[in-house]
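Hi,

Here is the structure I promised to pass on to you. Have a look at it first, and my notes follow below.

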Amino acid sequence: MKFLQEDSLHEECGVIGIYRAEKDAARHAYYGLFALQHRGQECAGIAVNQGGNIELKKGMGLVADVFDESDLNELQGNIAIGHVRYSTAGDKDVRNAQPLVAKYKKGDMGLAHNGNLVNAETIREILEDSGVIFHTTTDTESILNLIARYSNKGIETGIKHTMSLLKGAYALVLTIGDSLIGIRDPHGLRPLCIGKLSDGYILASESCALDVVDAEFIRDVEPGEIVVINGEGLRSIEPASMCQKHLCVFEHIYFARPDSVLDGDSVYDFRVNTGRLLARQKKIEADIVMPVPDSGVPAAIGYAKESGIPYEEGLIKNRYIGRTFIQPTQEMRENAVRIKLTPLKQNIEGKRIIMIDDSIVRGTTCKRIVEQVRRAGAKEIHVCITSPPVRYSCYFGIDTPYRQFLIGAQKTVDEICEYLGADSLTYLGEEELRKACGYKSQFCKACFNGKYPMEVPADAKL
């Protein structure tokens, strides 16, 4: 994958892995992908493993668009891995849909990946120079090739060697032989959890996927950990060196579903707490608190409870439109705002409004929402954001462009407020963000402060 093409978007995906005693693992993966649909809406896929033979079905569109009953009946196997994805504008191709499946000298291997590698281009060039032919433009194919290349002494050895070469974010589910394998990068930048089924196990990007298949949450995969699941049960391979967790803070702020628990922290509680902390951070005289749905809802509830200002719905969301933030082009994002959100005029007209949202990236979406609310008759609009200003690009799989397109990197808070057309603008401070989870978790907050947990390309701060 090419890094930071102008105003292009990077992947944020969802992965799932199922191991069952019965053959119908694909159906469980299908339901789990529905629960993870918010993590990627462009394409979906499921690969099933029966006795080492892997069959694959993938396509463009939502999970319901890609699979029907006949597909699930044909995808027979006791192991399944699944993936939902959205891509950069230049990579909108079914060949890049996952899982990826390959045959090598020891059999079939299937892999699904959430994250982004910062050394993907270097690895790809080395593999191409050695004669490897690529069929996709994703860094996932490089991971698949590396694991196959270094597995002469066993798949676990191949995975360990591959992990020593990878730099970046990755949560992987892999199936080969009679095993389902889960892998999390040494910094734990991308989430991955483990659940117990009545006749097996599940691996998933978020715990919300466990609920739909009636699985019991066991724990999160630890940074740098390899989890192997087969007929002998679940076995953990701990990392060879010390790993420090740096879960991407945007998982809590925006990407994860509010009913998920990530690394021991409730996403819903985290968002409610950010609203409470915003209310304490700055006192604003207003008539109502309203969210920008959906990720702003828990924070608006927290703000209303803390401030005593009534909570009201002010924007009605069209549930059949995908997330504005993850549309493939800027034009599509801007057009989608008008279709996606409609002001509830009777709750807005003549009111002083506190409008809660999770973040401002380019600023164009928030500006259009402020304009809509203003046209609906709002007397004042005070924008409150449950994160600090996004000032730096992300290299680990979250959707941020070059710094020149990040409004937080180019303008002061007062200038952003003027651009939005708001009466005031308040961002949550970094210290308050840490308080939101009771200081329990260590996050990657490089998009706010430029302190990356590993070396990144030289243009990161340009």
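Leu406 counts as buried, because its relative accessibility is 0% (buried means under 20% relative accessible area, exposed over 50% and partly exposed in between, with a 1.4 Å probe and protein chains only). You will find Leu406 in the loop between strand E21 (380-385) and helix H14 (407-410); helices (H or I, at least four residues) and strands (E, at least two) are DSSP runs, numbered from the N terminus. From Leu406 to Arg219 there are 187 residues in sequence and 36 Å in space, C-alpha to C-alpha.

Before you read on: this is a predicted model, in which local features need pLDDT of at least 70 and side-chain atom pairs count only at pLDDT 80 or more, while totals for chains, interfaces and linings use all residues. Residues are numbered from 1 along each chain as its sequence is written, and side-chain values use heavy atoms, with hydrogens and water left out.

Next, Cys13. UniProt lists Cys13 under "active site" in an unreviewed entry; UniProt positions are in the numbering used here, feature names are shortened, and annotations may be inferred rather than shown by experiment. Cys13 sits in the segment before strand E1 (14-20) and is buried, its relative accessible area being 0%. Apart from neighbours within four places in sequence, the contacts of Cys13 are Arg39, His83, Val84, Arg85, His113, Asn114 and Ser205 (contact means heavy atoms within 4.5 Å).

Helix H5 (residues 139-149) is mostly covered, with eight of its 11 residues buried. Among them are Ile143, Leu144, Leu146 and Ile147, but also Asp139 and Glu141. The buried residues of H5 pack against strand E5 (100-104), strand E6 (107-117), helix H4 (120-129), H6 and strand E7 (168-176).

H6 (residues 155-165) turns up again in the second largest pocket, where this helix gives the most to the lining, with three residues. That pocket holds about 370 Å³ of space, and of its 19 lining residues Met163, Ser164, Pro186, Ser241 and Cys243 are the closest to its centre. On a 1 Å grid over the protein atoms alone, a pocket is an open set of points with protein on both sides within 12 Å along at least five of seven lines, a cavity is a set where a 1.4 Å probe fits but cannot get out, and lining residues have an atom within 4 Å of a point. Points are joined across faces, edges and corners, and a volume is the space filled by probe spheres set on them.

Now for the core. The largest nonpolar core has 48 residues, and Phe250, Tyr303, Ile354 and Phe396 have the most contacts inside it (such a core is a set of buried Ala, Val, Leu, Ile, Met, Phe, Trp, Tyr and Cys residues joined through side-chain atoms within 4.5 Å). Elements that each supply at least two residues include helix H9 (267-281) and strand E20 (352-357). A second, separate core of 28 residues includes Ile18, Ala26, Leu33 and Ile46.

How many cavities of 30 Å³ or more are there? The count comes to two. The largest has a volume of about 70 Å³, and Phe250 and Phe396 are among its lining residues.

Enjoy exploring it!
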